[in-house]
Amino acid sequence: MASATDIINMALVKLGEKRITSQGYSNPTNERERLANEHYERLRDAELRKNRWNFAIKRAVLSADATAPTGDDYETRFALPSDFLRFIKIDETTDYQIENGFILCNVDDTLNIRYVFRVTVVNDMDMLFRDALAARMALEWCDRLTQKRAKRQELIGEYTAFMATAANVDAIENPSEALPEDDWITARL
């Protein structure tokens, strides 16, 4: 069973550093442990937010908030889920605005949405995403742990390749989406 520590150790091995035994130290004793504590969750969430990863897409039915939004643009607001990282789609309407942790729109009672959520269980992550995340952490930590500019350049290439591969494989697993009809194109036909 994979863990956050496994991903962190993949990053440390890329840097030629010693492994750590667990993640989430209450009293880190070295720089590797401090970096793991400070950066793992932030980098994981940033990498999840970058793409519409299939393993990180969720649907939710939101209930209208009791407080109406201020202003004249929208009638209702819906609180974003606590694990929300990136918005994908609203089923009912195309006229909406995301502000301050809420979706503002003109839908009355409930709102069906799709979004990228915060995946915290490592086994729920795609294996290629885990590799890309490890490369991203190694890149982030390179200067503090190795001070080698050549190593940093190598890691930039490795991270870029991992992200491209992971995103391509992820995209292939989805059906193609029809583009919305555009007035300009319709007029030409």
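1. Helices (H or I, at least four residues) and strands (E, at least two) are DSSP runs, numbered from the N terminus. The model is predicted, so local features need pLDDT of at least 70 and side-chain atom pairs count only at pLDDT 80 or more, while totals for chains, interfaces and linings use all residues. Residues are numbered from 1 along each chain as its sequence is written, and side-chain values use heavy atoms, with hydrogens and water left out.

2. Asn100 sits in the loop between β4 (96–99) and β5. Its phi is positive, about 50°, although Asn100 is not a glycine. Asn100 counts as exposed because its relative accessibility is 77% (exposed means over 50% relative accessible area, buried under 20%, partly exposed in between, with a 1.4 Å probe and protein chains only).

3. Gln147 is in the loop between α3 and α4. Gln147 is a residue other than glycine with a positive phi, near 55°. With a relative accessibility of 58%, Gln147 also counts as exposed. Most residues other than glycine have a negative phi.

4. The largest nonpolar core has 50 residues. Such a core is a set of buried Ala, Val, Leu, Ile, Met, Phe, Trp, Tyr and Cys residues joined through side-chain atoms within 4.5 Å. Tyr40, Leu111, Ile113, Met137 and Trp141 have the most contacts inside the core. Two or more residues come from each of α1 (4–14), α2 (31–49), β1 (57–63), β3, β5 (102–105), β6 (110–117), α3 (127–145) and α4 (149–172). The most, 11 residues, come from α3.

5. Trp141 can be followed in more detail. Leaving aside neighbours within four places in sequence, its contacts (heavy atoms within 4.5 Å) are Ile8, Ala11, Leu12, Leu15, Leu35, Ala36, His39 and Leu43.

6. How do α2 and α3 meet? Their axes come within 10 Å and cross at roughly 135°; axes are lines fitted to C-alpha atoms, for helices over the stretch in contact, and angles run from 0 to 180 degrees between N-to-C directions. The two helices are therefore oblique (angles under 35 degrees count as roughly parallel, over 145 as roughly antiparallel, 65 to 115 as roughly perpendicular and the rest as oblique). The crossing is right-handed, meaning that the near helix is turned clockwise from the far one by less than a right angle. Among the residues in contact are Leu35, His39 and Leu43 of α2 and Phe129, Met137 and Trp141 of α3.

7. The buried residues of α1 are Ala4, Thr5, Ile7, Ile8, Asn9, Ala11 and Leu12, and they pack against α2 and α3. The axes of α1 and α2 come within 11 Å and cross at roughly 120°, which means that α1 is oblique to α2. This crossing is right-handed. Ala4, Ile7, Ile8 and Leu12 of α1 meet Arg32, Ala36 and Tyr40 of α2.

8. Apart from neighbours within four places in sequence, Trp53 contacts Glu47, Leu48, Phe129, Met163, Ala166, Ala167 and Asp170.

9. Asp83 lies in the loop between β2 (76–79) and β3 (84–90). Asp83 is buried, at a relative accessible area of 16%. Its side chain makes a polar contact of 2.8 Å with the side chain of Tyr115; a polar contact is a pair of N or O atoms within 3.5 Å, where within protein one must be able to donate a hydrogen and the other to accept it, and residues adjacent in sequence count only if both atoms are side-chain atoms.
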